[in-house]
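Subject: Structure handover

Hello,

Here is the structure for you to look at. Please open it beside this message and keep both in view while you read.

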Amino acid sequence: MNRRTLLGATAATAILAATGAFAAAHGPLKVGFIYVGPVGDGGWTYEHDQARQKLLAHFGDKIETVYQESVPEGADAERVMTQMALSGVKLIFTTSFGYMDPTINVAAKFPDVKFEHATGYKTADNVAVYSARFYEGRAIQGHIAGRMTKTNKIGYIASFPIPEVIRGINSAFIHAKKANPDVQFNVIWAYTWFDPAKEADAAKALIEQGADVILQHTDSTAPQAAAQAAGNVITFGQASDMGEYAPSPRVSSIIDNWAPYYIARTQAVIDGTWQSANTWDGIGAGMVGIGEITDAVHEDVKAEALALKDSIASGAYHPFTGPLNKQDGSAWLAEGEVADDGTLAGMDFYVEGVTGTIPN
Amino acid sequence: MNLGAIDPVLLIASLMVAATPIILAALGELVVEKSGVLNLGVEGMMITGAICGFAVAVETGSPVLGFVLAAMGGAALALIFALLTQYLLSNQVATGLALTLFGLGISAMIGQAYRGVKPPATAKLNLGPLGDIPVLGRMVFSHDWVVYFALVLVAGVWAFLKYTRGGLILRAVGENHDAAHALGYKVVRIRLAAIAFGGACAGMGGAYVSLVRVPQWTDGMTAGAGWIALAIVVFASWRAGRVLLGAYLFGGISVLQLNLQAAGVPVPVEILSMSPFVVTIIVLVFISARQKGAAVAPAALGRIFHASS
């Protein structure tokens with residue numbers, strides 16, 4: 001390359017960069033989404049994508065959205081985020097716990113791109129975290145489960161041993177136990193967020209061992225289908241309503257409602273008022289929805305569940321209210337004491353009465 | 001802990017079901033690799049078969065027709081691979097990977113309308129008095145026809161490769177395509193047939209996941225079963241009988257570890273979770289290691305053939 005072509009190339013690059021900057025400043029805001037499963041999983045990722053579509057409907061041509069499905073949690077996630085940031089995306093939602101470190105790493109390289117990480121706890125100047133208090137919904141599920149079970153065995157398909165999942169097990173167990181002191185939880189760790197065949201096998205194993213209520217913290221509807229095939233087993237929709245399995249086996253659900261949050265945060269970027277934050281909303285704020293409780297649930301139980309929902313929504317009742325002991329019998333919360341958010345966010349222990357150990 | 005809660009009869013019945021998609025896909029890939037072609041697109045062909053079979057079964061109400069169309073769908077996708085690698089001489093590894101991505105994408109597109117739909121049930125085969133045998137009847141003789149079809153196919157592929165002239169020619173093409181060509185065999189045509197067969201098997205395996213094992217349609221629902229099938233072919237050192245063993249081991253331990261977890265056995269969950277992979281690999285490697293010095297992989301595996309070279 002001689003000097004003239006070098007100069008020419010440099011000038012061309014400069015012009016390109018300038019027009020690029022111009023386009024970035026005046027074009028629509030690009031918002032990116034990273035999904036852990038396919039948008040058609042019928043659960044977790046499906047709801048994030050629904051929220052993305054609502055975001056697009058809300059802002060119209062003021063924004064553009066891009067998304068990448070089924071991104072593995074790990075090094076691949078970093079590549080995908082980097083690619084998005086390089087292509088001019090200014091706000092990136094990374095929607096799974098396992099994207100936590102990749103998000104922090106990539107965010108450090110792109111200080112002018114805003115990142116929003118779901119269900120994590122690490123923040124930075126340009127990384128905010130958000131999550132929903134799903135354990136509030138788990139309390140209601142636990143209550144219905146405890147009242148509905150005839151075998152006193154409740155199966156729980158867990159995904160990964162992270163605080164989010166452990167909180168759900170504890171919350172469901174506490175309220176199932178309150179409703180029915182003889183209740184027992186059998187937990188299977190599937191080590192996946194999404195693998196319909198494995199989720200179906202896990203549900204079958206639990207049902208074959210006598211469970212007649214299946215709770216799931218994985219994303220597909222496969223356990224619902226397994227419960228339906230078995231008959232006499234009830235389930236709850238996870239992340240999404242899973243209403244196609246109503247009125248039975250699916251008797252209620254936890255529905256994630258991310259759209260209001262996504263709209264608010266995107267507006268903040270447009271206005272230039274975006275700041276790193278730690279948002280954790282529940283039933284009261286509308287981030288956690290409780291799907292219709294079907295007629296398969298006895299009226300009394302339904303009324304109790306709805307009363308529980310109202311008291312949680314109004315803040316009158318906290319699902320983790322003492323007296324509560326840890327699994328090893330040591331005291332955790334005294335009579336009337338309420339768990340603080342810090343402990344909940346990092347929860348790594350079972351409450352008293354849950355059998356089995358949490359894998360490391 | 002409550003080991004008594006695990007019913008061995010139900011356990012073995014579930015493992016036969018869990019292993020069937022892997023047997024079908026691995027068997028197809030075995031034939032493909034025996035002909036000297038490495039098709040890494042098993043996952044893509046499985047998922048395409050899964051949605052083709054699901055859609056057809058839902059529309060016609062006939063699961064059998066679903067399986068037939070799943071086989072055709074898988075074979076059609078495989079023929080794209082065949083066209084690219086056999087006629088246009090593209091790199092087999094890259095083309096196979098692309099096939100997986102393509103299959104995942106196209107299946108999600110076809111599947112848009114089928115989310116949340118329930119497929120017609122695949123009936124259990126009525127084997128008459130066999131099904132009434134205590135224990136064994138429930139364990140082995142109470143399945144749908146695909147489970148037995150897979151077993152028959154294992155025997156068929158084994159016999160074909162070992163005893164027939166066609167099998168010998170297929171293996172010759174896989175070992176040394178230039179020699180086979182010099183003898184007058186149509187290398188490309190034989191490989192085409194093998195690739196189509198592999199695609200059909202993978203498609204049926206995928207349909208088994210969406211029509212029987214889960215049964216519903218969800219994007220990306222095969223979730224890596226195709227990769228397991230690929231690995232089992234290698235660890236089974238390209239033998240049909242060992243493919244069966246490997247698939248049953250893998251399927252069996254996958255189901256067993258979930259049952260052990262549910263029963264609360266005090267073994268760390270991490271160990272239980274990885275046990276299907278570890279045990280299957282160890283057992284198959286151990287068996288393969290006993291045949292000393294035998295180069296088991298087809299010699300022409302993955303190599304591009306052109307009549308001029």
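Below are notes on each chain in turn, followed by a few single residues.

This is a predicted model, in which local features need pLDDT of at least 70 and side-chain atom pairs count only at pLDDT 80 or more, while totals for chains, interfaces and linings use all residues. Residues are numbered from 1 along each chain as its sequence is written, chains are lettered from A and ligands numbered from 1 in the order in which they are written, and side-chain values use heavy atoms, with hydrogens and water left out.

Chain A

The secondary structure of chain A consists of 11 helices and 14 strands. Helices (H or I, at least four residues) and strands (E, at least two) are DSSP runs, numbered from the N terminus. Chain A has a radius of gyration of 23 Å, close to the 21 Å that the globule rule gives for 360 residues, so chain A is as compact as a globular protein of that length. That radius is taken over C-alpha atoms, and the globule rule is 2.2 Å times the number of residues to the power 0.38. The C-alpha trace of chain A spans about 85 × 45 × 35 Å along its principal axes.

Of the 360 residues in chain A, 54% are buried. Buried means under 20% relative accessible area, exposed means over 50%, and partly exposed is in between (1.4 Å probe, protein chains only). Chain A exposes about 14300 Å², and carbon and sulfur atoms supply 53% of that area. Accessible areas come from the Shrake-Rupley method with a 1.4 Å probe; for residues, only the protein chains shown count as cover.

Among the contacts in chain A with a separation of 6 or more, 65% are between residues 24 or more positions apart. A contact means heavy atoms within 4.5 Å. Chain A has 26 positive and 40 negative charges, and their mean positions are 7 Å apart. Lys and Arg count as positive and Asp and Glu as negative, whereas His and the chain ends are not counted. The place of a charge is taken as NZ of Lys, CZ of Arg, CG of Asp or CD of Glu.

Chain B

Chain B has 12 helices and zero strands. What radius of gyration would a compact globule of 309 residues have? It would be near 19 Å, and the 20 Å of chain B agrees with this. The C-alpha trace of chain B spans about 65 × 50 × 40 Å along its principal axes.

Buried residues make up 55% of the 309 residues of chain B. Chain B exposes about 12600 Å², with 72% of it supplied by carbon and sulfur atoms. Of the contacts in chain B between residues at least 6 apart in sequence, 78% join residues at least 24 apart. The 17 positive and 11 negative charges of chain B have mean positions 11 Å apart.

Is Ser171(A) buried or exposed? Ser171(A) is buried, with a relative accessible area of 0%, and its place is in helix H6 (residues 163-179). Its side chain reaches the backbone oxygen of Tyr135(A) at 2.7 Å. Leaving out residues up to four places away in sequence, Ser171(A) touches Tyr135(A), Arg138(A), Ala139(A), Pro319(A) and Phe320(A).

A cis peptide bond joins Ala246(A) and Pro247(A), with omega about -5°. Another cis peptide bond joins Ser248(A) and Pro249(A), with omega about 10°. Pro247(A) is in the loop between strand E9 (234-237) and strand E10 (250-256), and Pro249(A) is also in the loop between E9 and E10.

Asn152(A) has a positive phi, near 65°, and is a residue other than glycine. Asn152(A) is in the loop between helix H5 (134-148) and strand E6 (153-158) and is partly exposed, at 23% relative accessible area.

Ile195(B) is in helix H9 (residues 187-213) and counts as buried at 0% relative accessibility. Ile195(B) and Ser35(B) are 160 residues apart along the chain, yet their C-alpha atoms are separated by 8.6 Å. Beyond its neighbours within four places in sequence, Ile195(B) is in contact with several residues, including Val32(B), Val37(B), Phe81(B) and Gln86(B).

Ser237(B) is not a glycine, but its phi is positive, at about 40°. Ser237(B) lies in the loop between helix H10 (225-235) and helix H11 (240-262) and is buried, with a relative accessible area of 4%.

Regards

Technical notes:
Polar contact = N/O pair within 3.5 Å; in protein donor to acceptor, adjacent residues only side chain to side chain.
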